[in-house]
Amino acid sequence: MRVVSLVPSLTEAVATTLPGLLVGATDWCTHPADLDVPRVGGTKYPDLDRVRSLRPDLVLLNVEENRRADADALAAAGIPTRVTYPRTVNGALTELADLLHALGCAGQPRWLTRARAEWAALPATPVPRRAVVPVWRRPWVVLGADTFAGDLLRRLGVANAYAEQPQRYPRPSLPQLRDQAPELVVLPDEPYRFTRDDGPEAFPGVPCALVSGRHLTWYGPSLAEAPALLAAQLADLYVAH
């Protein structure tokens, strides 16, 4: 089977588990670090002519990462696609297992077994910390309802202040964010690269956790490391004054 992945986390999952299956990936597919396949542009605007030239038997897509127009164009060209849309940790683990089985993986890969065990072994969370979770700046965009990253944080004791909003990615103003009076601000390093010098200063006096965006938003081998890594990062707080 020849597979092109337009989803960085799925690229990592397939390349790690079934080496040689991928024949193309996006420019944003950074893992595994030694991945050597033709690149087909970005996740939002891939070069579909390039994708077609690779003669894939299957193209991997995601509802949030990729555009419906590209999925439709691939289907119109007669190229089979598989679209993922996990909104919980358990949902992601199930979708990964189903995908890898469909691609010919015999049994469950070691990283997926470990990921299931690590998330199942999490202790009961203490009183959750109410947080806002920006994923972009200029304009501000935050995690809202029904997101994979929101469920992941909930399991780690973080209560998203925007979890009950109708939008999955609300765009509040900075004053509106501050009006939430969060106990914590979670700042990932992707898709927007928040740092100590870019992000915390907007929330003076509020503890900020700078976390790995890959471990917060990717669903693949990083899920095995995510519970321990993110728990440590959520405990390592920085306060701007």
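Student: Which helix holds Thr11 in this predicted model?

Tutor: Happy to start there. Thr11 is found in helix H1, which spans residues 8–17.

Student: Is Thr11 buried or exposed?

Tutor: The idea is to look at relative accessibility, where a value under 20% means buried. Thr11 counts as buried because its relative accessibility is 0%. Leaving aside residues up to four places away in sequence, Thr11 touches Ser5, Leu22, Ala25, Cys29, His31, Pro32 and Leu35.

Student: How many residues of H1 are buried?

Tutor: Nine of the ten, so H1 is mostly covered. The buried ones are Pro8, Ser9, Leu10, Thr11, Glu12, Ala13, Val14, Ala15 and Thr17.

Student: Let's move to Val89. Where does Val89 lie, and which residues does Val89 touch?

Tutor: Val89 lies in helix H4, residues 89–102. With 0% relative accessibility, Val89 counts as buried too. Not counting residues up to four places away in sequence, Val89 touches Trp119, Phe148, Asp151, Leu152 and Arg155.

Student: Now a helix pair. At what angle do the axes of H5 and H9 cross?

Tutor: At roughly 30°, and the axes of H5 (residues 110–120) and H9 come within 7 Å. Angles under 35 degrees count as roughly parallel, which is why H5 is described as roughly parallel to H9. The crossing of H5 past H9 is left-handed.

Student: Which residues meet there?

Tutor: From H5 come Trp111, Arg114, Ala115, Glu118 and Trp119; from H9 come Leu223, Ala224, Glu225, Ala226 and Pro227. By class, the residues of this contact are seven nonpolar, three charged and no polar.

Student: And the sheet: what is the order of its strands?

Tutor: First the general idea: strands of a sheet pair through backbone hydrogen bonds, and they do so either parallel or antiparallel. Here five strands form an open sheet in the order S8-S5-S9-S10-S11, with mixed pairing. Strand S8 (158–160) and strand S11 (237–238) are the edge strands, each pairing on one side only.

Student: In which sense do S10 and S11 pair?

Tutor: In the antiparallel sense, over two bridges, with S10 covering residues 208–211. Ala209 stands opposite Leu237 in S11.

Student: Which helix packs on the sheet?

Tutor: Helix H9 (residues 222–235) does, touching strand S5 (129–132), S8, strand S9 (184–188), S10 and S11. The direction of H9 makes about 150° with that of S10.

Key: Residues are numbered from 1 along each chain as its sequence is written. This is a predicted model: local features need pLDDT of at least 70, side-chain atom pairs count only at pLDDT 80 or more; totals for chains, interfaces and linings use all residues. Side-chain values use heavy atoms; hydrogens and water are left out. Two strands pair if DSSP finds at least two bridges between them. Helices (H or I, at least four residues) and strands (E, at least two) are DSSP runs, numbered from the N terminus. Contact means heavy atoms within 4.5 Å. Axes are lines fitted to C-alpha atoms, for helices over the stretch in contact, and angles run from 0 to 180 degrees between N-to-C directions. Buried means under 20% relative accessible area, exposed over 50%, partly exposed in between (1.4 Å probe, protein chains only). Angles under 35 degrees count as roughly parallel, over 145 as roughly antiparallel, 65 to 115 as roughly perpendicular and the rest as oblique. A crossing is left-handed if the near helix is turned anticlockwise from the far one by less than a right angle, and right-handed if clockwise. Ala, Val, Leu, Ile, Met, Phe, Trp, Tyr, Cys and Pro count as nonpolar, Asp, Glu, Lys and Arg as charged, and the others, Gly among them, as polar.
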